[in-house]
Amino acid sequence: MYIDNLKLRFYRNYQNAAVNFINGMNVIIGDNGQGKTNLLESIYLLSTTRSHRNDDDRELINFDQEFASVETNLHYLDYEDRLGIVLHKSGKTLLINNNPVKRNSEFLGKLNAVLFAPSDMDLFDNSPRVRRKLVDIELGKLSSVYMLSLSNYLKTLKERNNYLKGNIDKIMLETYTEMLFEPEIRIIRERKAFVDDLNLYLSYFYNQISGDNDVIKVDYRSFIEEKDDEEVMREQISKNYENSLERDIYLKQTNIGIHREDYIFYRNDKEVSKYCSQGQKRMILLALKLSIVQIIFKNKKEYPILLLDDVLSELDSSKKERLLRLLPNTVQTIITTTDLKDINQLKSEKMNVIRVRKGVIE
Ligand SMILES: Nc1ncnc2c1ncn2[C@@H]1O[C@H](COP(=O)(O)OP(=O)(O)OP(=O)(O)O)[C@@H](O)[C@H]1O
Ligand SMILES: [Mg+2]
């Protein structure tokens, strides 16, 4: 899929801006603080209805204005939609083909974007929650079964945790516990399959960027092993909860389950968070995002839009060039940079350059 234009009104430091994109490589160039990230953020907003930088939509409205809007034409293989979001101080309206949508979920499935943001660099060193969130978001987009299982699980988990805080009847507690099993089996299966898929691509993309011959792997630390036989999984899960029961009662919370799992990244069998340089981490993260693009394509038969914010910093010039050449022109890519030199190497290729200065497209 691709977008061919973007209209911003009173969005962050933009007053009234229109940007044209090509279905290929688009480069947004400008000095620091001019509005490059704001542009990508507005596209991400159309994808997820949220900013990737903050939770408060009001921050997206220009300081001097009462509302903001973002609009685009989204092209799929054989049709197109006009998507829009109007942000008010008191809420937001989502529009598809100029009609307000009744349910957010209608809107959420439309524009599929994979974003690399500088804050993603914390992925490896941060807490497991951040890694789970990344997988949950991507898997949620791919699989409605996953999304549904996760929301059922989290609902029951909350109920079980609340129950653990009051007077406990063992039979009742067991009922809550057993309600967790079914969604857990679904979730573990999907997480395992997703990680297996990632491992098909990670080394390839990493080596394409780095020019090395390394093995990049992600290890899914599930709290029980995935098995073909569902009954075996159920037994394992049940045994684990039995073993954890006293601790759960004592600590008044659920101490095991898919809400405690983690994903650990390795480069040549050494943990990325412990041994990799900043540049290597950046390349692994890029390889991860490019792998996700491939997995989405495999599942949906349509490429997502790739948004790359500030990916080129910290990479030496040969790696920059490799990365830019690697980005497939079948995927609409929108990349930001402060430095024209970064992209001059690519001059021969078809590329759309967008210049931003003080919230104005030049
Ligand atoms: N609600 C708002 N109203 C007006 N201006 C805003 C608002 N929110 C942010 N800005 C301005 O937007 C600018 C930052 O834009 P942005 O983050 O897109 O910069 P950038 O071009 O990505 O810079 P860098 O290269 O440093 O990442 C700042 O000048 C900031 O003051
Ligand atoms: Mg920026």
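## Around Thr49

Thr49 touches Ile85, Leu94, Asn104, Phe107 and Leu108, leaving aside residues up to four places away in sequence; contact here means C-beta atoms, placed from the backbone, within 7 Å. This is a predicted model, where local features need pLDDT of at least 70, side-chain atom pairs count only at pLDDT 80 or more, and totals for chains, interfaces and linings use all residues. Residues are numbered from 1 along each chain as its sequence is written, while chains are lettered from A and ligands numbered from 1 in the order in which they are written.

Thr49 sits in the loop between α1 and β4. Helices (H or I, at least four residues) and strands (E, at least two) are DSSP runs, numbered from the N terminus.

Six strands form an open sheet with antiparallel pairing, in the order β2-β1-β4-β5-β6-β7; a pair needs at least two DSSP bridges. β2 (16–20) and β7 (99–100) are at the edges with a single partner strand each, so one side of each has no neighbour in the sheet.

Strand β1 (residues 2–9) pairs with β4 (residues 67–75) over six bridges, and Leu8 has Val70 in β4 as its bridge partner.

## Ligand 1

For ligand 1, 15 residues form the surroundings, the closest being Asn13, Asn32, Lys36, Thr37 and Asn38; the cut-off is a backbone-placed C-beta atom within 6 Å.

Technical notes: Contact = placed C-beta atoms within 7 Å.
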